[in-house]
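Let's take a friendly walk through a protein model together. Have a look at the sequence and the 3D view, and then read on.

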Amino acid sequence: MKVIGIFGGTFDPVHNGHLQMAVEAKQSLSLDEVRLIPCHQPPHRDMPTLTSLQRLHLLSLAIREYEGLVVDDRELQQDQTSYTIKTLHLLREEFGDQASLVLMMGADAFSGLDTWYQWQSLRELAHIVVMSRPDSPLPTNETLLSWMQEPDERNIVHDQPAGGFVLLQQSLLPISSTQVRAELKKGRGSQQIPESVARYIKEQRLYTGK
Ligand code: ATP
């Protein structure tokens, strides 16, 4: 059974924390690939600083050195708000009922899961894997706690195509795109993004605030 990781985000810009999360999840769950899916227009936040195409370009530069990471632009193809449930339906149509889809997210994203459009149906289409981020504890919100119940063993992603809930404790880097944007705005450059990404940002004078 093909096991596909799905990692959505704004990626404004992609940083080493995102890349490490994708690589660690790929290794610890033995995923065939991880698809990084930039969102067109995130439902829960303000418009990104960069255009969709710029964010997509930075992602494709970033993944060049990583085998098994793939950039997937399907949310950018649609000129509307991105909803994960719709993306999962599209992925199911493409990969079929037998593929295992693994929706991965950091603990910070998970703590708002119960505000996502049709969130209770996500697990019918994919497994959910939550990775702890150093500064974000898991939610204590009653709705999510009762929905989570007992986490499953990580092998579930190889045993069935969807439905599992897995917690992965990993040594994730304390980085956010917000921090990276602030560093770039000050004109200092950032150590938290791959070199190819930093070079392109510099050449194009992105995030300078001008
Ligand atoms: P921002 O600071 O603009 O909110 P962000 O760094 O949190 O951005 P997003 O693109 O919004 O990045 O996040 C996409 C996904 O990446 C989310 O699931 C989030 O939990 C995860 N993520 C972000 N930063 C890290 C990190 N340092 N380690 C692991 N996962 C991360």
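## A strand on the inside

Why is E1 largely enclosed by the rest of the structure? Keep in mind as you explore that this is a predicted model. A residue is called buried when its relative accessible area is under 20%. Five of the seven residues of E1 are buried, so the rest of the structure largely encloses this strand.

## Neighbours of E1

Which strands pair with E1, and in what sense? One is E2: E1, residues 3–9, runs parallel to E2, and six bridges join them. To get from E1 to E2, the chain passes through helix H1, residues 16–28, and this β-α-β crossover is right-handed. Another is E4, which also runs parallel to E1 and is joined to E1 by five bridges.

Now turn to E2, which spans residues 33–38.

## Around the ligand

Which residues come nearest to the ligand? There are 22 residues around the ligand, and the nearest are His-15, Asp-108, Leu-173, Ser-177 and Thr-178. The residues of this shell divide into eight nonpolar, 10 polar and four charged.

For His-15, an N or O atom in the side chain is 2.9 Å from a ligand oxygen atom. For His-18, a polar side-chain atom lies 2.9 Å from an oxygen atom of the ligand. Phe-11 uses its backbone instead: one of its backbone N or O atoms is 3.0 Å from a ligand oxygen atom. Taken alone, the ligand exposes 600 Å², and the protein buries 91% of that.

Which elements give two or more residues to the shell around the ligand? They are E1, H1, strand E4 (100–106), helix H4 (107–110) and helix H8 (177–185).

Methods. Residues numbered from 1 in each chain as written. Predicted model: local features only at pLDDT ≥ 70, side-chain atom pairs only at ≥ 80, totals over all residues. Heavy atoms only, no water. Pairing = 2+ DSSP bridges. Helix = DSSP H or I, 4+ residues; strand = E, 2+ residues; numbered from the N terminus. Right-handed = clockwise from strand over helix to strand, strands pointing away. Near = heavy atom within 4 Å. Polar contact = N/O pair within 3.5 Å; in protein donor to acceptor, adjacent residues only side chain to side chain. Areas by Shrake-Rupley, 256 points an atom, 1.4 Å probe, with all protein chains shown as cover. Nonpolar A, V, L, I, M, F, W, Y, C, P; charged D, E, K, R; others polar. Buried < 20%, exposed > 50% of the residue type's maximum accessible area, 1.4 Å probe, protein only.
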